[in-house]
Amino acid sequence: MQAVMTVGLDIAKSVFQIHGVDAAGNVIVRRQLKRRYVLPFFQKLPACLIGMEACASSHHWSRELTALGHTVRLMPAAYVKPYVKRQKNDAADAEAICEAVSRANMQFVPTKTVEQQSCLLLHRTRHLFIRQQTAVINAIRAHLAEFGIVAPVGRNGVEQLLDVVADTSEKRLSEIARACVLALGAQLRTLKVQILNFDRQIMAWHRSNEASRRLDEIPGIFPPGLGWCRSNTRAGARASSVASANRAIAICAACSRQARWPSSAMPRSMAPNIGPGSPRCWRGDPPRSLRSRSPTRSREWRGP
């Protein structure tokens, strides 16, 4: 039997699908493996090229298989989909991965290190807590509005609402309602403390990471890694006034390199109205709506 040269590995939570071919493209192995048998199987296999989709837990398996001497290539799932034959199932996916990884024009995803994934987890956890904070604030406002208690929009308005609830002389609230809203207020304060702690950890990581510090020193980029131009506009002035603890949020935690647009791990509240076609900063060609305008009349645009 000829040696396996290329393997397509369709990863999952419990059952993994293997599709291996030789140098001529003939199928040598096609089987399912339970999770505990994956590493022993590849330990016995001679060094070969392994393709996987860049999805959940793929970076972990990439590091493990690379340590065994194999060459691992991660690919976006969207690039593998055109190679799927017939109906979609695990065997067809593994075969498609095996075919896609051997393409010369395929684009691959670099494997993240443990440090990079840890920092990405830090950003994502902060993002989750911010969403929970927003949900708690909305709940407090909605519940109190049912009793006719409202306050201005903003963090100060929420504090005013909590002060009203804490006032025992307030007769518009029953004891049950007061206890519920006070519990929500305690949860809100806990979330704020946790978010502040994450801000400090992100800033500490930023100071300890050389690539992140270099990105912070690039002229015309604020916060680091976003491609956000410093400008004299009101938007730029607001950006420059962001607290230093939040500046490292815009660093690409996944790969420690400059990101073109905000990553999914970054809360949208930290980068409002930034994205393809945003008037704050354009890299490359300006939006079509501004191509006919004169530079003096259009908002600031910086080319590549």
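In the predicted model, helix α2 lies across strands β1, β2, β4 and β5 and runs at about 165 degrees to β5. Helix α4 (residues 90-101) likewise lies across β1, β2, β4 and β5, its direction being at about 140 degrees to β1. These helices belong to a chain with nine helices and five strands, which are arranged along the sequence in the pattern β-β-β-α-β-α-β-α-α-α-α-α-α-α. Of the 304 residues of the chain, 41% count as buried. Among contacts with a separation of 6 or more, 54% are accounted for by residues 24 or more positions apart.

The five strands form an open sheet with mixed pairing, in the order β3-β2-β1-β4-β5. From one strand to the next, the twist averages 20 degrees.

Strand β1 (residues 6-10) is joined to strand β2 (residues 15-21) by five bridges, and these two strands run antiparallel. Three bridges join β1 to β4, and here the strands run parallel. Glycine 8 takes part in both pairings: its bridge partner in β2 is histidine 19, and in β4 it stands opposite glycine 51. Strand β4 is in turn joined to strand β5 (residues 71-75) by five bridges, again with the strands running parallel. Within this pairing, methionine 52 stands opposite leucine 74 in β5.

Strand β4 (residues 49-53) is largely enclosed by the rest of the structure, because four of its five residues are buried. Methionine 52 lies in this strand and counts as buried, with 0% relative accessibility. Beyond its neighbours within four places in sequence, methionine 52 is in contact with Leu9, Ile11, Ser58, Trp61, Ser62, Val72, Arg73, Leu74, Met75 and Ile97. Methionine 52 is also 9.8 Å, C-alpha to C-alpha, from phenylalanine 108, although the two residues are 56 residues apart in sequence.

The loop between β4 and α2 contains serine 57. The phi of serine 57 is positive, at about 70 degrees, although this residue is not a glycine. With a relative accessibility of 35%, serine 57 counts as partly exposed. A positive phi also occurs at arginine 86, where the value is near 55 degrees in a residue other than glycine. Arginine 86 lies in the loop between α3 (77-80) and α4. Arginine 86 is exposed, its relative accessible area being 70%.

Aspartate 93 is located in helix α4. At 7% relative accessibility, aspartate 93 falls under the 20% limit and therefore counts as buried. When residues up to four places away in sequence are not counted, aspartate 93 touches Asp10, Val84 and Lys88.

Helix packing was examined next for helix α5. Two packed helices are described by the angle between their axes and the distance between the axes. The axes of helix α5 (residues 114-145) and helix α6 (residues 155-166) come within 11 Å and cross at roughly 55 degrees. This angle makes α5 oblique to α6. The crossing in which α5 passes α6 is left-handed. On the α5 side, the residues involved in the contact are Ile137, Ile140, Arg141 and Leu144, which meet Gly157, Val158, Leu161, Leu162 and Val165 in α6.

Helix α5 also packs with helix α7 (residues 175-208), with the two axes 9 Å apart and at an angle of about 155 degrees. Because angles over 145 degrees count as roughly antiparallel, α5 and α7 are roughly antiparallel to each other. As with α6, α5 passes α7 in a left-handed crossing.

Key:
Residues numbered from 1 in each chain as written. Predicted model: local features only at pLDDT ≥ 70, side-chain atom pairs only at ≥ 80, totals over all residues. Heavy atoms only, no water. Buried < 20%, exposed > 50% of the residue type's maximum accessible area, 1.4 Å probe, protein only. Pairing = 2+ DSSP bridges. Axes fitted to C-alpha atoms, helices over the stretch in contact; angles between N-to-C directions. Parallel < 35°, antiparallel > 145°, perpendicular 65-115°, else oblique. Left-handed = near helix turned anticlockwise from the far one by under 90°. Contact = heavy atoms within 4.5 Å.
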